[in-house]
Each structure stands twice: as C-alpha cells, then as structure tokens.
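Keep the structure open while reading.

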Amino acid sequence: MSVPTFTEHDATIPEEGVLTVVDPRDGSVVDTVAVDTPETANEAIRRAWRAQPGWARTAAADRSSRLTEAAGLLEARAAQLAEINTRETGRPTGEAIDGIRAGVATLRSTAVLGTMHGGTRLAGQAYCSDYSRREPRGVAVALTPWNDPVAVACELAAAALVTGNCLILKPSEHCPRLGREFGRILTECLPEGVVQTLTGGPALGAALVSHPLVGVVAHIGSSSTGRKIQRLTADSGVHLVLENGGNDPLVVDAGVDPQWAAAQIALGAFANSGQVCTSVERVYVHESVAGPVVDALVHQAEQINESGELGPLVDGALRERVHAQVDAAARAGARILVGGEIGQGPGFHYPATVITDCRPDMELTREETFGPIAPIQVVGSFEEGLALASQDRYGLAATVLTPDLAHAQRAVEELCVGTVKINEVFGGAPGGSATPRGASGNGCGYGPGLLDEMTVVKVVHIAPARIPGVAAPGGVGDEG
Ligand code: NAD
C-alpha cells in the first residue's frame with residue numbers, strides 16, 4: 001500500500017456552516033468561524049469588480065501611501081496578530097512576529113515599487129508617442145496557506161493593490177481569524193470594496209477561482225491544490241500565479257566544517273517544525289564528511305527536542321502523514337538516529353528527526369514532507385550529490401554547501417529550481433523574484449516580478465492629427 005503523501009492530500013476540514021479552529025499545541029477548540037457561501041463570494045467579487053475602475057484611476061502615489069499606512073498599522077498590531085497566529089497554527093510567537101515583520105517590510109517595499117512600476121518608451125517616429133503601459137488585471141483572488149500566513153498574504157495583497165487591482169483575500173481554513181484581522185487592517189486604509197476577506201476552505205476557494213469576473217488568481221499552497229486550480233480554470237483563461245510545494249535538496253560537499261554544515265541542515269529541516277515551503281527535505285552528504293556531519297546533526301536535533309521549543313504540526317492529519325513517511329522509510333531500510341516517534345503529550349507535536357540510509361525511491365525523499373525531518377543519503381562525490389539533487393519533479397529551491405567555487409558554479413548552472421543558495425540555507429537579498437519549476441508552480445509569486453504578474457501590457461501609438469490648413473509637424477505625411 002502506498003504511503004499517503006502531503007501533496008496528494010485534500011483538506012478534510014468540514015466547510016458547511018463553520019470552521020472549527022483547533023489549537024495544535026493542545027487540541028483545544030480556539031473558536032468557530034462562519035464559512036462564506038458561494039453567494040457571498042459572488043457578491044464580494046461583483047463589489048470588487050465595480051470598485052476596481054476607480055481604484056485603478058487612483059494615482060499610483062496615493063495607492064502606494066495607503067499601503068504604507070497599512071504597513072504602519074500591521075507593525076503596531078504585530079503582537080496581537082502573532083498571538084492569534086500562535087493559537088491557530090501553533091507557530092511559536094517569536095517566529096510569528098518575524099513573519100509579520102517580513103510582511104510589514106513587503107508592504108513598504110512594494111509601495112515604493114508600485115510608484116515606479118510602468119511600461120517603457122518605444123523608439124517610434126518623430127512627433128509620435130509610442131510606449132507600453134501596464135494595466136491591472138481587474139479582480140485578484142489571493143488564496144493563502146497557514147504556514148507563514150501574514151508574510152505570504154502581504155506579498156500577494158501588496159502587489160495586487162499597488163498595481164490597481166481590487167482584491168479578494170481567502171486565508172487558509174486553519175487561520176481564518178488571523179486572516180480576517182489582517183484583512184481588517186487593509187480595509188481600514190483602503191476605499192470601500194477594494195479589499196474583502198472571505199473565510200472558508202477548498203470549496204470556497206474553488207468557487208472564487210471559477211468566477212468569470214476574476215482576472216487573476218494567485219495561489220500559494222500545495223502542489224495538488226495548484227493542479228486542481230489549473231483544472232478548474234482551464235476553460236476561463238484567467239491568469240494564474242502558482243507558488244506551490246517543494247522538495248528542496250541540500251548538498252554537502254567535501255571540505256566543509258561539519259558543525260557548520262549540521263547547523264545549516266538543522267535550520268533548514270527543523271525551522272517552523274519543517275513547515276516551510278523551502279525547508280530542507282533531502283540531504284546528500286559527501287562521504288568524507290558524513291560521519292562528523294551526521295553526529296553533529298544528531299546532537300543538535302537532540303538538543304532541540306530536549307528544549308521543548310519546537311512548535312507542533314498544524315493538525316493531527318499532517319502529523320500522521322509525516323509519521324507514515326518516516327515509518328515507511330524505516331521499514332524500507334532507513335535508520336532513524338533520533339526522533340521518529342509520536343509522543344504521549346497533548347497536541348500534534350513531532351520531534352526533530354534524523355534518518356540516514358535514505359534512498360531516492362522512498363516516499364520520504366520523493367515527496368514534500370511538511371515536518372521536522374532530515375533524511376540523509378551519503379554520496380561518494382559532489383557530482384553524485386548534485387545529480388541526485390536534480391532528479392525531482394519539484395523545482396522550488398536548493399542549497400549547496402561547498403568551499404569549491406567551481407562546484408558552486410556548476411550547481412547554479414545545473415539545478416533546475418527557482419532559487420539556488422550557496423553556503424546559506426535561508427537568506428538572500430530582498431526583492432528576489434524567482435520562477436518555480438516543475439510541480440512547484442508557475443509565475444513569480446514574490447518581489448518585483450509579481451507586480452508584472454498582476455498586470456497586463458498595452459502598447460500605445462499616438463500620431464499627430466491632420467487639421468485642415470495646418471501643416472503636419474516636420475512634414476510627417478504632408479502631401480501639401
Ligand atoms: P493548500 O493548497 O491546501 O491551501 C492554500 C490555500 O488554497 C488555502 O486558502 C485553501 O483553502 C485553498 N484551497 C485549497 N483547496 C482549494 C481548491 N480546490 N480550490 C481553490 N482553493 C483551494 O496549502 P496549505 O496546506 O495551506 O499550505 C502548505 C503548502 O503550501 C505546502 O505545500 C507548502 O510548501 C506550500 N507553500 C508554498 C510556498 C511558496 O512560496 N512556494 C509558501 C508557503 C507554503
């Protein structure tokens with residue numbers, strides 16, 4: 001029997017009537033939230049559609065300053081939102097605040113980008129104006145996940161709004177209260193109908209993406225949902241931006257400091273309990289450093305587990321899927337060195353887990369595992385590690401730890417992913433826009449490229465009119 005995988009999973013939260021929000025730290029009920037119906041969705045989209053021309057004609061500087069104002073409100077309410085984030089998804093409050101701060105920075109930087117975003121002047125005839133201009137797509141629908149909910153929502157909302165689209169936000173069914181609070185901040189700063197937040201799960205999301213008045217759908221979430229949205233919109237031609245799941249490799253080359261390499265792996269695999277789209281999902285370690293790297297990683301994983309600071313997984317179903325993948329790998333010959341067991345306590349915790357002797361045919365290394373797992377495979381050469389890293393249907397990001405510049409250059413050239421990171425598992429300059437490959441999505445879900453996704457291009461040619469008795473300027477087309 002095949003192991004159930006995260007990306008094949010459908011959200012199972014019942015949608016009729018209310019969403020029951022559960023605190024993953026102890027399983028207690030946080031709240032119930034009303035689900036918006038397809039009728040409400042239709043009304044909201046129509047309201048957005050009516051408001052959109054006015055918003056598009058609002059000066060870009062004004063749109064931008066409203067986003068800056070929203071950034072200030074979000075910053076002021078960060079602690080309150082982080083607390084809701086923690087209760088709804090179990091994310092440790094410090095990490096939740098970091099995510100909200102990232103969102104604040106995005107609102108501010110996108111506000112600046114918005115005032116500069118435009119078309120180009122074209123080289124045409126004298127006395128003519130030839131240029132391209134960017135225009136909003138109309139109504140944008142943003143479907144966001146629960147694992148970094150505010151940072152991700154800020155990316156989509158800022159790019160959609162600053163370019164003159166009206167926005168329907170549909171936060172994850174795991175954190176509807178947080179989504180509503182975030183949406184409220186935006187509506188406080190924007191004209192009526194420009195931003196609306198609806199709460200619900202996959203059925204509501206499906207109704208939104210299928211609506212004929214929607215001009216662009218941006219989905220940040222799992223690959224299986226991304227494929228469903230592609231199928232749902234195949235006939236409508238609506239523009240899709242899909243930032244989906246990943247199965248990111250990390251390659252450890254010969255000659256690196258084992259303690260440092262282990263710390264990079266631990267950060268990549270265990271941050272946010274492994275619930276990061278760009279978490280390290282598979283590790284290929286050169287045999288010359290494998291022993292000390294694995295020893296140091298085991299030590300670090302033990303310390304993390306003893307600290308009690310690792311947050312839970314978002315729900316029991318995810319924990320079962322993660323454990324099923326670990327368990328299947330162990331039954332197929334992999335060795336669990338630390339973790340790999342579900343404890344007795346309340347909530348949906350799963351320990352930091354280090355598992356060696358993994359192989360490419362295991363579900364654990366073939367599929368995204370949204371949990372704190374570091375699956376290790378020892379390789380005989382850098383080339384072998386790079387080849388294994390490249391063999392995957394996903395293409396979100398990859399990390400290579402190497403002191404060898406030629407190896408680094410080779411990794412940049414050969415890895416078919418949106419983002420390559422050399423010698424740092426998380427990091428990079430702000431404003432990077434990457435295109436995910438394969439099952440990881442389509443289009444640019446972040447940064448300046450997202451403003452392009454939210455707009456369409458119009459080319460304009462303006463020539464002088466012919467007026468009786470008036471000579472054409474410069475003799476253009478002048479027949480006397
Ligand atoms: P998900 O796809 O289940 O949900 C994301 C959003 O899509 C939610 O709002 C959900 O209600 C909606 N949705 C679900 N089914 C739908 C359908 N049939 N039609 C329309 N909308 C639908 O993802 P998730 O479980 O919330 O998030 C975890 C996943 O997101 C992981 O795979 C992770 O890698 C990915 N992720 C990717 C990025 C990235 O930038 N690439 C960032 C964060 C998370």
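Start with helix H4, residues 93–116. H4 has 24 residues and spans 35 Å from its first C-alpha to its last, close to the 34 Å expected at 1.5 Å a residue. The model is a predicted one, and the chain averages a pLDDT of 94, with 95% of the residues scoring at least 70. Residues 1–14 are another matter: pLDDT stays under 50 there, and the model has 32 contacts beyond four places in sequence for this stretch.

Which residues of H4 are buried? They are Ala 96, Ile 97, Gly 99, Ile 100, Gly 103, Val 104, Thr 106, Leu 107, Thr 110, Ala 111 and Gly 114. The elements that cover these buried residues include helix H2 (60–76), helix H3 (78–89), helix H5 (149–162) and helix H15 (447–453).

In soluble globular proteins, nonpolar side chains tend to be buried together. Here the largest nonpolar core has 81 residues, and those with the most contacts inside it are Leu 74, Leu 161, Leu 167, Ile 168, Leu 186, Leu 208 and Val 217. H5 gives the most to this core, with 11 residues. The core lies between domain 1 (18–244 + 440–460) and domain 2 (248–422), because both give residues to it.

Leaving aside neighbours within four places in sequence, Val 217 is in contact with Val 141, Leu 143, Val 209, Ile 229, Val 238, His 239, Leu 240 and Val 241. Apart from this core lies another, of 28 residues, with Leu 250, Ala 269, Val 293 and Ala 374 among them.

Now turn to helix H10, residues 287–307, which holds Val 298. Is Val 298 buried or exposed? Its relative accessibility is 13%, so Val 298 counts as buried, the cut-off being under 20%. Beyond its neighbours within four places in sequence, Val 298 is in contact with Leu 337, Val 338 and Val 354. The C-alpha atoms of Val 298 and Ala 111 are separated by 44 Å, and the two residues are 187 residues apart along the chain.

Last comes the annotation. UniProt, in an unreviewed entry, lists residues 18–460 as "domain: Aldehyde dehydrogenase". In the model, this span is 45% helix and 21% strand, and its end C-alpha atoms lie 49 Å apart.

Key: Residues numbered from 1 in each chain as written. Predicted model: local features only at pLDDT ≥ 70, side-chain atom pairs only at ≥ 80, totals over all residues. Heavy atoms only, no water. Helix = DSSP H or I, 4+ residues; strand = E, 2+ residues; numbered from the N terminus. Expected span 1.5 Å × (residues − 1). Buried < 20%, exposed > 50% of the residue type's maximum accessible area, 1.4 Å probe, protein only. Contact = heavy atoms within 4.5 Å. UniProt positions renumbered as here; feature names shortened; annotations may be inferred. Core = buried A, V, L, I, M, F, W, Y, C linked by side-chain atoms within 4.5 Å. Domains from an automatic or database assignment. pLDDT = per-residue confidence, 0-100.
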